[in-house]
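The tour goes from a core to a helix pair and then to one residue.

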Amino acid sequence: MTYGASDIRIEPSLVQTAMTNEAALWALRRTIAHEIGHAMSGHRFNTIAMQQVKELEADAKGIEYFKRLGWPCKLWVDNFARTLKRGYNSDAEHDTKARYDQAQQLCSTA
Ligand SMILES: [Zn+2]
């Protein structure tokens with residue numbers, strides 16, 4: 001979660017798990033890219049109403065960072081696809097379908 005424009009917090013357990021396998025390491029990279037996206041967009045979480053738009057904006061930035069780094073953009077699409085498959089479609093904060101659609105769209109363009 002991002003709490004302020006220059007404040008990024010990552011769950012310690014996510015970092016610990018990332019040291020144990022490659023998939024988790026990529027998940028950590030995705031999370032960091034997404035959180036940097038929030039920070040670079042100056043997001044602060046004060047209203048739920050704006051949350052969804054902010055999530056998409058943070059994803060778009062995160063995906064852009066992955067592309068610039070030469071990292072596989074497809075991991076974002078795959079991750080949302082897995083979440084959708086598990087049935088966690090949407091809640092107020094994270095509408096997975098919208099994020100999946102955006103990731104697919106952004107990853108299909110060079
Ligand atoms: Zn977010």
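Select A33, I63, F66, C73, W76, V77, F80, Y100 and A103, the 9 residues of the largest nonpolar core, a core being a set of buried Ala, Val, Leu, Ile, Met, Phe, Trp, Tyr and Cys residues joined through C-beta atoms within 7 Å. This is a predicted model, in which local features need pLDDT of at least 70 and side-chain atom pairs count only at pLDDT 80 or more, while totals for chains, interfaces and linings use all residues. Residues are numbered from 1 along each chain as its sequence is written. Colour α3 (51-69), α4 and α5, each of which supplies at least two residues of this core; α4 gives the most, with 3 residues.

Next, show helix α4 (residues 74-85) with helix α5 (residues 96-108), which pack at an angle of about 155° with their axes 9 Å apart. The two helices are therefore roughly antiparallel to each other (an angle over 145 degrees between N-to-C directions). Their contact is made by K74, W76, V77, F80, A81, T83 and L84 of α4 and by T96, K97, R99, Y100, A103, Q104 and C107 of α5, contact meaning C-beta atoms, placed from the backbone, within 7 Å.

Within this pair, centre on F80, which touches T96, R99, Y100 and A103, not counting residues up to four places away in sequence.

Finally, select L84 in helix α4, which counts as partly exposed because it has 15 C-beta neighbours inside 10 Å (buried is 20 or more, exposed 12 or fewer, and partly exposed in between). A distance drawn from the C-alpha atom of L84 to that of D95, 11 residues apart along the chain, spans 9.8 Å.

Key: Axes are lines fitted to C-alpha atoms, for helices over the stretch in contact, and angles run from 0 to 180 degrees between N-to-C directions. Helices (H or I, at least four residues) and strands (E, at least two) are DSSP runs, numbered from the N terminus. Angles under 35 degrees count as roughly parallel, over 145 as roughly antiparallel, 65 to 115 as roughly perpendicular and the rest as oblique. Two residues are in contact if their C-beta atoms, placed from the backbone, lie within 7 Å.
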